[in-house]
Amino acid sequence: MKLIVEQPAASWYKTEMGLVDGDAIRIFVRLGGCGSVHPGLSLGITKDEPRSIGLSVEAEGVTYYIEEDNLWYLEKKSLRISFDEKYEEIKMDVE
């Protein structure tokens, strides 16, 4: 299981959310949205302080993480966060 945040996506989040080095972004399971792994569920993000990190990576000085109790969503797969330049939007792909 892996969490990958590509540099263009990290830069986009940093600009759009006003993030600074040392900030942390929690990736969490939420009800609704267009999730491809579990129908009716998708992933959300929020600036937050980690409590019980299950998976994390640092990109552009910001820690992106998933709490232990949300790891079930990935089902032993990896999450890649990228930036689609054509549509100017973030993509979260479970691979």
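Helices (H or I, at least four residues) and strands (E, at least two) are DSSP runs, numbered from the N terminus. With that in hand, hello everyone, and let me walk you through this structure. It is a predicted model, where local features need pLDDT of at least 70, side-chain atom pairs count only at pLDDT 80 or more, and totals for chains, interfaces and linings use all residues. Residues are numbered from 1 along each chain as its sequence is written, and side-chain values use heavy atoms, with hydrogens and water left out.

Let's begin with the sheets. As a quick reminder, strands of a sheet pair through backbone hydrogen bonds, either parallel or antiparallel. For us, two strands pair if DSSP finds at least two bridges between them.

In what order do the strands of the 4-strand open sheet stand? The order is S3-S2-S5-S4, and the pairing is mixed. Strand S3, residues 41–47, and strand S4, residues 53–59, are at the edges with a single partner strand each, so one side of each has no neighbour in the sheet. On average, neighbouring strands here are turned by 25° against each other, direction ignored. A word on angles: axes are lines fitted to C-alpha atoms, for helices over the stretch in contact, and angles run from 0 to 180 degrees between N-to-C directions.

Now please look at strand S5, residues 62–67. S5 pairs with S4 in the antiparallel sense, over 6 bridges. Across that pairing, serine 56 stands opposite tyrosine 65, leucine 55 stands opposite isoleucine 66, and isoleucine 53 has glutamate 67 as its bridge partner. S5 also pairs with S2, this time in the parallel sense and over 3 bridges. There, alanine 24 stands opposite threonine 63 of S5.

Is S5 mostly covered or mostly open? Mostly covered: 5 of its 6 residues are buried. Buried means under 20% relative accessible area, exposed means over 50%, and partly exposed is in between, using a 1.4 Å probe and protein chains only.

Let's stay here for the turn. Glutamate 60 is in the loop between S4 and S5, a hairpin with 2 residues between the strands. Its phi is positive, about 55°, although glutamate 60 is not a glycine. For background, most residues other than glycine have a negative phi. Glutamate 60 counts as partly exposed, because its relative accessibility is 36%.

On to the other sheet. This open sheet has 3 strands in the order S1-S6-S7, with mixed pairing. S6 and S7 run antiparallel and are joined by 6 bridges, and phenylalanine 83 has isoleucine 90 in S7 as its bridge partner. Helix H1, residues 7–17, packs on this sheet, touching S1, S6 and S7, and its direction makes about 70° with that of S6. Contact, by the way, means heavy atoms within 4.5 Å.

Between S6 (79–84) and S7 (89–94) there is a loop, and glutamate 88 lies in it. Glutamate 88 has a positive phi near 50°, again in a residue other than glycine. It is exposed, because its relative accessible area is 60%.

Next, valine 37, which sits in the loop between S2 and S3. Buried or exposed? Valine 37 counts as buried, because its relative accessibility is 18%. Leaving aside neighbours within four places in sequence, valine 37 is in contact with Tyr73, Glu75 and Val94. Valine 37 and tyrosine 73 are 36 residues apart in sequence, while their C-alpha atoms are 7.3 Å apart in space.

A cavity is a set of points on a 1 Å grid over the protein atoms alone where a 1.4 Å probe fits but cannot get out, and lining residues have an atom within 4 Å of a point. Grid points are joined across faces, edges and corners, and a volume is the space filled by probe spheres set on the points.

How many cavities of 30 Å³ or more are there? The count comes to 1, and the largest cavity holds about 40 Å³ of space. Its lining is made by Ile27, Phe28, Val29, Leu43, Ile66, Asn70, Tyr73 and Leu74. Strand S2, residues 24–31, gives the most to that lining, with 3 residues. The lining divides into 7 nonpolar residues, 1 polar and no charged. Here Ala, Val, Leu, Ile, Met, Phe, Trp, Tyr, Cys and Pro count as nonpolar, Asp, Glu, Lys and Arg as charged, and the others, Gly among them, as polar.

Methods:
1 Å grid on protein atoms, 1.4 Å probe; cavity = no way out; pocket = protein on both sides within 12 Å on 5 of 7 lines; lining within 4 Å.
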